[in-house]
Amino acid sequence: MRKFKIPAIPSTTNKCVRFPNNLIEEVEREIAGKDCTFSAFVIEAVRVALENLHEEEEG
């Protein structure tokens with residue numbers, strides 16, 4: 001399993017997703033002062049989650 005790291009801003013397409021307010025606040029605290037947007041953080045988290053799922057399927 002690879003370690004999560006805060007990504008640089010990738011090119012993206014808008015997609016509307018609803019998040020609980022407390023989760024938004026927690027992510028925003030983590031990215032504060034870093035060169036990262038909320039969207040980029042979530043995209044990287046989803047990439048890592050998908051990678052983990054694929055590894056579990058293979059294992």
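Colleague: Is R47 buried, partly exposed or exposed?
Modeller: Keep in mind that this model is predicted. R47 has a relative accessible area of 45%. Buried means under 20% and exposed means over 50%, so R47 counts as partly exposed.

Colleague: Which residue meets R47 in a salt bridge?
Modeller: Good one to look at in the viewer! In general, side chains of opposite charge can pair when their charged atoms come close. Here the N to O distance is 3.8 Å, and the two residues, being three apart in helix α2, are separated by about one helical turn. The partner of R47 is E44.

Colleague: Is E44 buried or exposed?
Modeller: The cut-off for buried is under 20% relative accessible area. E44 has 6% relative accessibility, so E44 counts as buried.

Colleague: What is the distance between the closest N and O atoms of R2 and E44?
Modeller: These two also form a salt bridge. The pair links distant parts of the chain, with R2 in the segment before α1 and E44 in helix α2, 42 residues apart. R2 itself counts as partly exposed, at 30% relative accessibility. The closest N and O atoms of R2 and E44 are apart by 3.1 Å.

Colleague: Where in the chain is E51, which meets R2 in a salt bridge?
Modeller: The N to O distance between E51 and R2 is 2.9 Å. This pair again links distant parts of the chain, 49 residues apart, with R2 in the segment before α1. At 31% relative accessibility, E51 counts as partly exposed. E51 lies in helix α2.

Colleague: Which elements give two or more residues to the largest nonpolar core?
Modeller: Now for the nonpolar side chains. This core has five residues: V27, I31, C36, A40 and F41. The elements that give two or more of them are α1 and α2.

Key. Residues are numbered from 1 along each chain as its sequence is written. This is a predicted model: local features need pLDDT of at least 70, side-chain atom pairs count only at pLDDT 80 or more; totals for chains, interfaces and linings use all residues. Side-chain values use heavy atoms; hydrogens and water are left out. A salt bridge is a side-chain nitrogen of Lys or Arg within 4 Å of a carboxyl oxygen of Asp or Glu. Helices (H or I, at least four residues) and strands (E, at least two) are DSSP runs, numbered from the N terminus. Buried means under 20% relative accessible area, exposed over 50%, partly exposed in between (1.4 Å probe, protein chains only). A nonpolar core is a set of buried Ala, Val, Leu, Ile, Met, Phe, Trp, Tyr and Cys residues joined through side-chain atoms within 4.5 Å.
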